[in-house]
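Thanks for coming, everyone. I have one structure to walk through today. Please bring it up on your screens.

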Amino acid sequence: MIRRLLERLFAPLDMAIMVPMLLLLGCGLMVLYSAAGEDADKVIDQLRNLAVAIIAMWIIALIPTQYLLQVAAPIYVIGILLLLGVALFGEVSHGARRWLHIGVGRIQPSELMKIAMPLMLAWYFHRRESSLRFWDFLIAAVILAVPVLLIVKQPDLGTALLIAASGFYVLFLAGLSLRLLLGLGVLVGASLPLAWSVMHDYQRQRILTLLDPAQDPLGAGYHTIQSTIALGSGGLSGKGWMNGTQTHLDFLPERTTDFIFAVYGEEFGLVGNLILLILYFALIVRGMMIAYGAGNLFGRLVAGALTLTLFTYAFVNMGMVSGILPVVGVPLPFVSYGGTALVTILISLGILMGIQSQKKLVPT
Amino acid sequence: MAGTAFSDQQVQLSNFRLRIWFCIIVILVMLGILASRFYFLQVIQHDHFHTLAENNRMSIVPVVPNRGLILDRAGLVMANNFSAYTLEINPSKVDDLDETIDRLSAIVDITPRDRKRFKKLREDSHRFEILPIKSRLTEVEVARFAANRFRFPGVDINARLFRNYPQGVSASHVVGYIGRINDKDLEKLEADEKLPNYRGSNHLGKIGLEESFEDELHGRTGFEQVEIDAGGRAIRSLSREEPVAGNNLILSLDLKLQQIAEKAFGQYRGALVAIDPKTGDVLASVSQPGFDPNYFVDGIDQVHWDAYNNSVDKPLNNRALRGVYPPGSTIKPFMALAGLYYGKRSPATTIFDPGYFTLSGSSHQYRCWKSGGHGAVDLKKSVVISCDTYYYGLANELGIDRMHEFLSKFGFGQLTGIDVKDEVSGNLPSKEWKKRRFKQVWYPGETVISGIGQGYTLVTPMQLAHATAIIAGNGISIRPHFVKAIQNSQTGEIKSIDFPKEQPFPFKAEDLALVRDAMVAVTQPGGTAARAAAGAPYAFGGKTGTAQVKSMKQGEKYNEKTVEERYRDHALFIAYAPANDPTIAIGMIVENGGHGGSTAAPIARQVLDYHLLGKIPAAQIEEAKVEEEHD
């Protein structure tokens, strides 16, 4: 009896996800200890975040996909309402309005959207599965655009782009026609000058600094210069754990959060970086396989989009730290210090696991 | 149909799986890009970065720009910088701070005041690792510390630039001061994306022109790439981008005139603003009493702060821009223009003043200041002798909303738009305003008293001077300003700021002429300011005013003498000169000064005498002599 219960409890924990995930988390804690200046407090704090995140993941993994299908739309609507709340009563911090006070604490509704967006769009396409028309994609585009524009307004361009990407992945996987995609690409290309004209000065500055970090060595370029020095000086095999000079001499900013990968790259070198890439790839391939074999359209789309989103985060962060992408505030999944992002990421893994275990239970 | 739907789904599924494969390939390519980027950085360019990071660690040191100067219109310095040695402590490298300071005080004179200030700095600013304990060290102190340096790890002497306000209290409200950047400033700088430019800056403008023109004055921070050794000391400069010094502000203020006006106030509290009606230049902006901005630069100590902050005289409050007072009878020339404009009065209209005014259907008497009344009064006489009854009736006929509309044209109830922050707009009531503010209807009696500048109407001395300048400038309005030009620190080029002339209202020339004529008569025998104007070799226009002080602040009731003094009426005066072609317009108030003609107008007279004749008041010459003898 108890054994069966335990079996059911552990059934959704997919080993092909768990193993790379735990290895990545392990890397994260290890490098965090070094990045925080051998301060155990931050590691303990992160372990606490991790405990919460794993419990959340587990619970989500146990929820039947059918149930997720039902709550997708309400979650999306709540997300929109919260974003409107932010726009109206949000708390301004660092020049942007991103936080909302609700009774006890404050929340960042854009974080919720990271999951709500793929769920909502997948739900929509799932409902329209047998009668999909061209204009369904238009409606989907509106579903996508509303929260994205609200987040652009905050302004939080980085998050808005990433959420837009997660929604776009659903559209793409749902069969958005390639011709339309091409047209869209041309449209985006054409609208770049327009985007430039509505950007905030600091956003423009970030793009200019990306092209030439030396232009602004005290400001935006400083991060990129220091992180590439850290990576580059790491060499093939790195300087060894807790021996990164760039890190330990305080050159590297935000070294426990968005720029933690520079610490990792300095201390573990190219070898360490490639191991990290392989771990991410293993996780992502598993996610894509879950999408490939999922039992229904909703599962396929959600699994595919969440996996691609996870990849996007990792790619954007590592690209930013190594200086091929602009500095947008994106944490490195599993590695960066911070509770919110960790919970979001593990919840999406929970959803993946749920989809996979549902398939096992009810074969189609 | 079902078959089609099914095969549709089959097509969809295979399409989906195709796209999954496509995604995996794209992901592989992108991971390849990352891997090759890592290879490029960590293998191909490794030596380059290794050199940067390991052997010679590179550091970027900000080079702080010189802050721009603030000069009066004649080039007299009101704010400048000087370099001085500062004793600085890095608390994180000192084990026992109190003990270290105790030992330091044996070789450098550290007062309890310095200690308190240091303590306050530590609490206020978390950003700085290094904090000054004592600035402006003497040569002897520098030498003594240098000999003992080894005993004080974490303590060092550095040459720093300091802000200095050579005029001290004079014009302190206009110039303002800079202060150390605190956490709140830091947040704001970050929000405005200005933080990189303040890397290395310890100070920024906190109030006055120093705050409002911060962006001009601060300049652009330069930076130096230096090699540092393992201990963090700079070995060699690799490259340097010079800082760009802040630009100099050239004020419209005439410092000499300002100081004459300040001294003319004597012990009185109050404010005076003088504007050139032809240009909008603010020639003087007095707020008495003032404060010494030099105390604020490196963090004010508690003693001075308490003295300033707790004083009933409120020396930190800029009365010229932020003090609001009922305009009293100084509103009458503007009311007279309204009466003419709306056709309610003609130059010849005469009313009979029995000494009071009553609204029809009411027995309440609104008293004229002169019991028994002025008898027959026409428009000119109403200004000259300041007849209240005339304006009670006029206000009643105009109605509050028309008064509101007309007086707005002179800038009452609005910000003048002066180039210093924190100006207040005073209040110009209307029916709609009262409904909004108090959710009450407007009573006719309130219109009546508004006619003589009492009731809800509140003005700042700046507004009063600005409005007077519009009369003096024949209806032309120019935004008043303290800064008339900005001097580029690099090229020395002086760029004047252009202030457009506006015609806010089609005042009729003959109406303006009539009212100006009446204002000139105010300063001539028979007028309310005749005594103050006696013997002036030039003709000038003026209007006296008196505002009742109704409420009393708490805490003052214990001192009978103070209470009485602070219960006295405020004395107001507006003036312009010379009468035919004005080059100066004044709005002023003397708090608890009694009547405008007896305390305010004589101060204005001294200002006009200096401005037009270059005459320094006899009392101030005496004072200067005494000071010289003491030297």
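Let's start in chain B. Strand β2 (residues 70-71) runs parallel to β10(B), and 2 bridges join them. Strands here are DSSP E runs of at least two residues, helices are H or I runs of at least four, and both are numbered from the N terminus. Two strands pair if DSSP finds at least two bridges between them.

Before going further, a word on the source. This is a predicted model: local features need pLDDT of at least 70, side-chain atom pairs count only at pLDDT 80 or more, and totals for chains, interfaces and linings use all residues. Residues are numbered from 1 along each chain as its sequence is written, while chains are lettered from A and ligands numbered from 1 in the order in which they are written.

Back to β10(B). Which residue of β10(B) is the bridge partner of B:L71? It is B:I250. β10(B) also runs antiparallel to strand β18 (residues 483-487) of chain B, with 4 bridges. There, B:N248 has B:Q487 as its bridge partner. Now the side chains of β10(B), residues 248-251. B:N248 and B:I250 point one way, B:L249 and B:L251 the other, and all are buried. Buried means that 20 or more other C-beta atoms lie within 10 Å of the residue's own; exposed means 12 or fewer, and partly exposed is in between, with C-beta atoms placed from the backbone.

Next, the open sheet in chain B. It has 5 strands in the order β12-β11-β23-β22-β21, with antiparallel pairing. β12 (282-288) and β21 (541-547) of chain B are the edge strands, each pairing on one side only. Neighbouring strands are turned by 5 degrees against each other on average, direction ignored. Take β21(B) and β22(B), residues 570-577: they pair antiparallel over 7 bridges. B:G542 stands opposite B:A575 in β22(B). Helix α23 of chain B, residues 596-613, packs on this sheet and touches β11, β12, β21, β22 and β23 of chain B. Its direction makes about 30 degrees with that of β22(B). Axes are lines fitted to C-alpha atoms, for helices over the stretch in contact, and angles run from 0 to 180 degrees between N-to-C directions.

Over to chain A. It has 14 helices and 3 strands. Buried residues make up 49% of its 364 residues. Look at α7(A) and α13(A). Their axes come within 9 Å and cross at roughly 140 degrees. That makes α7(A) oblique to α13(A). Oblique is what remains after under 35 degrees (roughly parallel), over 145 (roughly antiparallel) and 65 to 115 (roughly perpendicular). Among the residues that meet are A:L162 and A:Y169 in α7(A), and A:G304 and A:L308 in α13(A). By class, this contact has 9 nonpolar, 4 polar and 1 charged residues. Nonpolar covers Ala, Val, Leu, Ile, Met, Phe, Trp, Tyr, Cys and Pro; charged covers Asp, Glu, Lys and Arg; the others, Gly among them, are polar.

Last, the interface. How many residues of chain A are in contact with chain B? The number is 43, against 38 residues of chain B. Contact means C-beta atoms, placed from the backbone, within 7 Å. On the chain A side, α12(A) gives the largest share, 11 residues. That side has 23 nonpolar, 17 polar and 3 charged residues.

Conventions:
Contact = placed C-beta atoms within 7 Å.
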